[in-house]
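Welcome! Please take a moment to look over the sequence and the 3D structure shown below, and then we can walk through some of the features together.

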Amino acid sequence: MTDPHLTADWLALLERAALPLATEVLYLPVGPLERPHACHLPLMRLAVSPWRIESLATFYSPLAGPVDGCAADPGGLRDVFRRIRLDRQRPTAVIDLAPLCPQSPFFAASLTALRQAGWLVGRYFRFGNWYATIGKPDFAAYLAERPSALRNTVRRARRKLERQADACLVIQTASDAALESAIADYQAVYARSWKRPEPYPRFIPELCRLAAARGWLRLGLVRILGRPVAAQIWLVEDGRAQIVKLAYDGAYRSHAVGTLLTAELMRHAIEQDRVIEIDYLMGDDAYKRDWTPQRRERHGIIAFDPRQPRGLIMAVRHMAGVMLKRWGEPLMSRVGTYPAEPASCFQTLTRTPPRAPPGYAARD
């Protein structure tokens with residue numbers, strides 16, 4: 001199953017519409033020796049930190065890894081990471097691969113390959129990911145399993161909308177004449193919501209156009225008296241529905257238009273698209289667990305070159321941070337503040353997603 005966020009189209013969109021100026025993008029071959037170019041690992045080097053290479057991923061990215069989720073060859077990964085470490089013309093002190101699925105073959109292969117290539121390697125928590133496995137294409141049955149407070153909110157919101165004059169709910173999927181109007185309505189709702197302005201204004205409209213062309217797009221809108229008051233962007237591919245962006249007009253908060261729109265998009269995804277999974281992608285927001293009761297995590301791998309002073313210093317800082325967390329947790333766990341301690345001191349460190357402008361939440 002290919003995730004849209006690992007496709008060449010998505011990565012090209014990031015390159016042209018969501019990266020800082022002067023970012024160097026690298027597609028490094030990590031395929032087997034007989035087919036070295038069959039698999040590529042997309043990486044980047046930011047102008048503000050030329051000593052660091054990281055995954056080609058931003059705060060819009062819920063997942064990183066090889067293009068199209070291809071199987072990277074362990075030997076190919078090792079050779080690429082070794083070449084990076086030995087390149088004295090462009091010295092790299094740190095490699096940061098994130099966000100990754102810690103259960104994926106790529107995660108395990110990267111840990112091993114980096115160590116074999118001479119890097120000091122750690123891993124860290126990036127963010128929680130709430131999702132739901134769909135057993136049958138029956139939204140009523142799915143809703144019946146949700147908390148009663150949520151079911152009551154959906155019921156009241158639907159009644160309010162039905163009583164409202166000239167109210168409608170639409171789901172835009174196609175790349176047709178109505179698409180640009182739907183994009184404009186989404187942007188109007190976003191501008192009137194609590195959300196901060198997008199740091200890269202081109203990205204979301206271009207994402208909608210790309211998703212419509214690829215058949216991924218589910219752009220839901222609630223309009224009252226012709227005015228868009230709630231909007232959400234979902235992507236559907238290979239039996240999986242991903243909730244990308246959501247917003248509603250604060251003036252209509254009492255109508256619960258956002259909750260109602262979520263319910264109708266879930267109905268569409270479950271009964272028409274017949275998805276087997278609904279995924280909230282990034283973050284441990286409380287409302288997500290009401291809709292999607294299952295949780296998994298996305299982690300990162302960070303590697304340091306011990307032969308470079310910067311790499312060695314940052315490795316020591318990383319280890320010190322993990323040790324402090326490890327020692328502090330037994331004490332703090334007595335008052336229920338922290339989870340159980342990690343298994344090793346040079347393994348797990350909680351980090352916040354990088355590169356979001358000040359005050360801008362990752363994947364809000």
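## The disulfide

Searching the whole structure turns up one disulfide. This is a predicted model, and in it the bond runs between C39 and C70, with the two sulfur atoms 1.9 Å apart. The torsion about the S-S bond of C39 and C70 is about 70°, so this disulfide is right-handed. Distant parts of the chain are linked by the pair, whose members are 31 residues apart: C39 lies in the loop between β1 (24-29) and β2 (40-45), while C70 lies in the loop between β3 (52-55) and α2 (74-86).

How buried or exposed are the cysteines? C39 is buried, at a relative accessible area of 3%, whereas C70 is partly exposed at 21%.

## The chain as a whole

Stepping back, the protein chain contains ten helices and eleven strands. Of its 364 residues, 51% are buried. Looking at contacts in the chain with a separation of 6 or more, 76% are between residues 24 or more positions apart.

Leaving aside residues up to four places away in sequence, W51 touches R45, P91, T92, A93, V94, R310 and M314.

## Helix α6 and its surroundings

Now find helix α6, which covers residues 179-192. The helix has 14 residues and spans 20 Å from its first C-alpha to its last, close to the 20 Å expected at 1.5 Å a residue. Which residues of α6 are buried? They are L179, A182, I183, D185, Y186, V189 and Y190. Viewed down the axis of α6, these buried residues fall within an arc of 160°, so they line one face of the helix. As background, an α-helix has 3.6 residues a turn, so residues three or four places apart point the same way.

What covers the buried residues of α6? The cover includes β6 (167-172), α7 (203-214), β7 (217-224), β8 (227-237) and β9 (240-248). With α7, the packing angle is about 145° and the axes are 10 Å apart. The crossing of α6 and α7 is right-handed. On the α6 side the contact is made by L179, E180, I183, Y186 and Q187, and on the α7 side by I204, P205, C208, R209 and A212.

## Backbone details

Most residues other than glycine have a negative phi, and most peptide bonds are trans. With that in mind, here are some places to look. A cis peptide bond joins A98 and P99, with omega at about -10°. P99 belongs to strand β4, residues 94-100.

Where are the residues with positive phi? A22, with phi near 65°, is in the loop between α1 (8-17) and β1. A22 is exposed, at 64% relative accessibility. R274, which is not a glycine, has a positive phi of about 55°. R274 is found in the loop between α8 (257-272) and β10 (277-279), and R274 is exposed too, at 55% relative accessibility.

Notes: Residues numbered from 1 in each chain as written. Predicted model: local features only at pLDDT ≥ 70, side-chain atom pairs only at ≥ 80, totals over all residues. Heavy atoms only, no water. Helix = DSSP H or I, 4+ residues; strand = E, 2+ residues; numbered from the N terminus. Expected span 1.5 Å × (residues − 1). Buried < 20%, exposed > 50% of the residue type's maximum accessible area, 1.4 Å probe, protein only. Arc of directions from axis to C-beta. Contact = heavy atoms within 4.5 Å. Disulfide = S-S within 2.5 Å. Axes fitted to C-alpha atoms, helices over the stretch in contact; angles between N-to-C directions. Left-handed = near helix turned anticlockwise from the far one by under 90°.
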